[in-house]
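Trainee: I have not seen this structure before. Could we go through it in short questions?

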Amino acid sequence: MTFMMKNVSYSIKNNGERKSILRNINLEAAAGEFVSIIGKSGTGKSTLLKLACGLEKPDEGEIMIQNMPSVPGSAGYMPQKDLLLPWRTVMDNLLLSPELQKEKKEKKKEAEALLERVGLSACQEAYPHELSGGMRQRIAFLRTLLTGKDVLFLDEPFGALDAMTKKDMHQWMAALWRELNKTIVLVTHDLHEAVFLSDRIIVLHPSGETEEIMVQLPRPREAFLTPEITGLINTLESRITHESYQGIS
Ligand SMILES: Nc1ncnc2c1ncn2[C@@H]1O[C@H](COP(=O)(O)OP(=O)(O)OP(=O)(O)O)[C@@H](O)[C@H]1O
């Protein structure tokens, strides 16, 4: 498995007491797979991604990326907010992490090629405030890609975008994922997004249990709501509203 979480538990200190956030989580993703994690607010999805990419340490359990324990830098991570630095141009934002690792020169060509590939070469010298929300998220995603990692964790990357921009982003992401052959684990609240993009969807229940739903729809997928897509969305909605896992009926 390219990504694996085994018996992972995590708690935080809250007013002197330990508060359990995740209990005994088992998850995995195969090479090139697109997996989404959905669930009610507060079930620990963002925490799970931070653990997955080594930014937090579990109390118990094992987290592996490409057969090695996950540490910061094992995988690409895109947080909920784009975190583009307002005083740096698009190119300088893309080269932020390579610059810190003294690889700026080597990565510049790669950054130019990526911008070209997604039709954003013209905004290379623009500042974040000059870009639309969709463009900013594209740049933030390209920055995650520039880490060169095969496994990418994305935390609600399109959450703040309007419906039309989101639709464009879904198609853009699906095409790039196919082309680049990355393993992606995405946290989202948008069930249509999860169905449109994923091979597999994990429902994280408030009880801490997880449930898995396969998306066996041919690709490329329809951007509009077909009866199959609507059916899956309804299934997911009914699973999320269950307080705990009761088996798929
Ligand atoms: N630093 C922290 N201090 C206290 N509580 C925290 C901290 N980080 C997370 N939590 C709590 O952990 C739980 C899980 O938070 P997390 O953000 O992972 O959930 P989520 O499923 O991603 O939520 P959402 O869908 O609303 O983004 C929540 O109850 C949250 O209040």
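Mentor: Strand S1 (3-14) and helix H1 (45-52) each supply at least two residues of the shell around the ligand. Keep in mind that this is a predicted model.

Trainee: Which element gives the most to the shell around the ligand?

Mentor: The ligand is surrounded by residues including Ile12, Asn14, Lys45, Ser46 and Thr47. Helix H1 spans 45-52. With 3 residues, the element that gives the most to this shell is H1.

Trainee: How many residues of the shell around the ligand are polar?

Mentor: Gly counts as polar here, and Gly39, Gly42 and Gly44 are among the residues around the ligand. By class, the shell has 2 nonpolar residues and 1 charged residue, and its polar residues number 8.

Trainee: Why is H5 largely enclosed by the rest of the structure?

Mentor: Helix H5 covers residues 133-145. Among its buried residues are Phe141, Leu142 and Leu145, and their cover includes helix H4 (104-117) and strand S7 (151-155). H5 is largely enclosed because, of its 13 residues, the number buried is 10.

Notes
Residues are numbered from 1 along each chain as its sequence is written. This is a predicted model: local features need pLDDT of at least 70, side-chain atom pairs count only at pLDDT 80 or more; totals for chains, interfaces and linings use all residues. A residue is near a molecule or strand if its C-beta atom, placed from the backbone, lies within 6 Å of it. Helices (H or I, at least four residues) and strands (E, at least two) are DSSP runs, numbered from the N terminus. The expected span of a helix is 1.5 Å times one less than its number of residues. A residue is buried if 20 or more other C-beta atoms lie within 10 Å of its own, exposed if 12 or fewer, and partly exposed in between; C-beta atoms are placed from the backbone. Two residues are in contact if their C-beta atoms, placed from the backbone, lie within 7 Å.
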